[in-house]
Amino acid sequence: MKTIAIIPARMGSSRFPGKPLAKLLGRTMLEHVYKRVALSNALDATYIATCDEEIRQAAEAFGAPAIMTSDKHERASDRVAEAVAGMDAELIVMVQGDEPMTHPHMIDTAVAPFRADPQLGCVNLVRRIENEADFYDVNTIKVVMNQRGDALYMSRQPIPTLTKSGFASTSAYKQVCIIPFRRATLLEYAQLPTTPLEQLESIDMLRLLEHNIRVKMVETEFNSQAVDTEADLARVAKLMESDPLLSSY
């Protein structure tokens, strides 16, 4: 299956304007994401999708092909769907531009289930939440799953409840924004009406769940921290300082 990665990025983040080009250990955050994703052996190509000329110029300066898209998209998945409209790839891996700790093996893990299940349309990575503060952080998207590992719901609020047990005794998971789609599912996503919970929570995947489309969750062994604020950027810098992957690009 031809597999490509698309990294959506825009300058207009409400919580951290200009964050794709924020400096992180001597490179822009976007460059870290692109170069780490491009190391995956599962991919045939990697692109950046943006509506900002500033990002296009920065991407091309560090060797990344950039695709210009509309500036009207509220959801990253819609931007990615526009970017791949003229491409023939069967699997499209969306990697958010604020995931600088992405490890190439995470891509491999995320796309593996498609080989075994021809009906599968979308996969998300998840990771156990280890820090209680992250459990209560609205920037961390929490996930609850059914017994076969499919998403039941995602929220910025702390789920599941800790009413009957403390955090240490509760299996709490966060979404890691490495999201492969089968091409048909991604294009269907872009045609579906937006949904009430998607708008309320500002979470892309709820559009699929509210339209009764399965989203399979796959746990990753790699730690990951998205950058939503300047404080997150400083936190990630400390986590990455001893990262051996940095010497690979």
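Tyr136 is partly exposed, with a relative accessible area of 46%, where buried means under 20% relative accessible area, exposed over 50% and partly exposed in between (1.4 Å probe, protein chains only). Phe135 counts as buried at 1% relative accessibility, and Phe167 counts as buried at 12%. The model is predicted, so that local features need pLDDT of at least 70 and side-chain atom pairs count only at pLDDT 80 or more, whereas totals for chains, interfaces and linings use all residues. Residues are numbered from 1 along each chain as its sequence is written, and side-chain values use heavy atoms, with hydrogens and water left out.

Ring pairs link Phe135, Tyr136 and Phe167 into a cluster. Rings of Phe, Tyr and Trp (its six-membered ring) pair if their centres lie within 6.5 Å, and planes under 30 degrees apart count as stacked, over 60 as edge-to-face and the rest as tilted.

| Pair | Centre to centre | Angle between planes | Class |
|---|---|---|---|
| Phe135 and Tyr136 | 5.2 Å | 80 degrees | edge-to-face |
| Phe135 and Phe167 | 5.6 Å | 50 degrees | tilted |

Because Phe135 lies in helix α5 (residues 132–136) and Phe167 in the loop between β9 (151–155) and β10, their pair ties together parts that are 32 residues apart in sequence; helices (H or I, at least four residues) and strands (E, at least two) are DSSP runs, numbered from the N terminus.
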